[in-house]
Amino acid sequence: MWNEKSPSPPADHGQAVALIIFVLGLGTLLPWNFFMTASQYFNERLTVHNVTSNATSDATAKDYNYDSWMALLSQLPLLLFTLLNSFLYQWVKERLRVAFSLIAILLLFSLTAALVQVPVQPDTFFSVTMATIWFINTFSAVLQGSLFGVVGLFPPRYSTLFMSGQGLAGIFAALAMLFSILSNADKSSAALGYFITPCVATLGTLLCYLLLPHLEFARFYLNRRQSDKRETTRELLSSADKKVSNTNRKELEANGMFISEPEESPERSSVLNVFKKIWLMAACVTCVFAVTLSVFPVITVRVQTVYTDSAAWKKVFTCVCCFVVFNVMDLVGRGAPSLVQWPSKESVLFPAAVLSRLVFIPLLMMCNVQNSRLTVLFSHDFAFVTIMALFSFSNGYLASLCMAYAPQLVRCKDCETAGSLMTFFLVLGLALGASFSFLLGQLV
């Protein structure tokens, strides 16, 4: 393990490693964000193809419920591989996992881009798209878990950069969609340009990862894994000597010649014991993301502008007011705990604040949703944007507090276990929210 006697790390010239790790963070969440932001494209294509393929002109278009299925099939692979990661990571080397995952994601995005120009029956198109979403998020889960392990070898600042890159992935996807909408190209060409963008970004992420070990600063920290293994071996070899010294100590204590001081047990606590200490934070992070995924994007993408006379605004309304607002305010919320952390982890106000987010479900459902069965109370665009801003800010802020508070409730040796448990419950919340979105989608 690296210590003060180890040579000082070289400089990160030009912040090259910092930039690469930021790009790696961006690349891990691109797939989820690009498929979610393209909701309008997929829904329109399924509807148009389905209507034109019917024999009668008055046939009712089949509701494929794209948004709910997309959310569910994105989160299930992540939940599955969060459970299986400890086994997978022992069998397959990290470089192979990362490189293979990025290449697979690149090929799947290329398939999605190619299908833009290919006429396909709606049922076939839906099935292929859902299969693509499943596999692309499977590889993204492997990629994210692997890169978290790599970034953990670097100083804490680089973990923050990695998380910042992940936070900007949603904004990147939303802006890419906005530019494709505002372009003068036809819908097919605009969609093609949109899906080519993540192909280029994924290729850039792969090149950045391959470049990382060739930089002196990165090599210094990446080589610490070998140092850690040697340190572990030395600790195991010296365990017999420690047992002997402990036996002598007990004899001295029995004769009153030695007064021992309480020590922290070197053994890690069991997963169950760690969970007992962080269960409240685990429940909170599950609730935060369950609420978010239950209405975003399945309900929020159905909200329409009241300014129907403005064709230009109507064209970009969903992209700007739903996806851009959500991702920007969520990123602001994730950064806010670095300035203020309230309520505290001991306060009963914290779980109360998490539960209070349930109010956003009826609030968003009573916005100007297309063909809504419910009473529309917030028809104006400004009301929807305000609710979305508070909804997304609270998501980022409370989720970040949950992830920051949990390790503070356990010993240092148990922080890794606490982090793994919190990651699992975070993904569980996403999966529960995606499942609940089917019911809410039917209610409106």
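This is a predicted model: local features need pLDDT of at least 70, side-chain atom pairs count only at pLDDT 80 or more; totals for chains, interfaces and linings use all residues.

Q: Which helix gives the most to the lining of the second largest pocket?
A: This pocket has a volume of about 970 Å³, and among its 29 lining residues the closest to the centre are N43, T47, V301, R302 and Q370. Four helices, α3 (39-53), α4 (66-91), α13 (311-335) and α17 (415-443), each supply at least two lining residues. The top contributor, with 7 residues, is α3.

Q: Which element gives the largest share of the lining of the largest cavity?
A: The count comes to 1 cavity of 30 Å³ or more, and its volume is about 30 Å³. The lining is made of F35, F42, T112, L115, F125, T129 and T132. Two elements give two or more residues here, α5 (94-115) and α6 (122-151). With 3 residues, the largest share comes from α6.

Q: How many charged residues does the lining of the largest cavity have?
A: In this lining, 4 residues are nonpolar and 3 are polar. As for charged residues, there are none: the lining has no charged residues.

Q: Is W342 buried or exposed?
A: W342 sits in the loop between α13 and α14 (349-356). Together with L339, V340, V348 and L349, W342 makes a nonpolar surface patch of about 600 Å². Its relative accessibility is 55%, and the cut-off for exposed is over 50%, so W342 counts as exposed.

Q: How far apart are the closest N and O atoms of D330 and R334?
A: Side chains of opposite charge can pair when their charged atoms come close. Both residues lie in helix α13, 4 residues apart, which is about one turn of the helix. D330 is buried at 7% relative accessibility, while R334 is partly exposed at 34%. They form a salt bridge, with the closest N and O atoms at 2.8 Å.

Q: Which residue pairs with E346 in a salt bridge?
A: The structure holds 4 salt bridges, and in this one the N to O distance is 3.5 Å.

Q: Are R411 and D414 buried or exposed?
A: The side chains of R411 and D414 meet in a salt bridge, 3.2 Å from N to O. In terms of accessibility, both R411 and D414 are buried.

Notes. Residues are numbered from 1 along each chain as its sequence is written. Side-chain values use heavy atoms; hydrogens and water are left out. On a 1 Å grid over the protein atoms alone, a cavity is a set of points where a 1.4 Å probe fits but cannot get out, and a pocket is an open set with protein on both sides within 12 Å along at least five of seven lines; lining residues have an atom within 4 Å of a point. Grid points are joined across faces, edges and corners, and a volume is the space filled by probe spheres set on the points. Ala, Val, Leu, Ile, Met, Phe, Trp, Tyr, Cys and Pro count as nonpolar, Asp, Glu, Lys and Arg as charged, and the others, Gly among them, as polar. Patches are made of residues with over 30% relative accessible area and no salt bridge: like charges are joined within 9 Å, nonpolar side chains (Val, Leu, Ile, Met, Phe, Trp, Tyr) within 5 Å. Accessible areas come from the Shrake-Rupley method with a 1.4 Å probe; for residues, only the protein chains shown count as cover. Buried means under 20% relative accessible area, exposed over 50%, partly exposed in between (1.4 Å probe, protein chains only).
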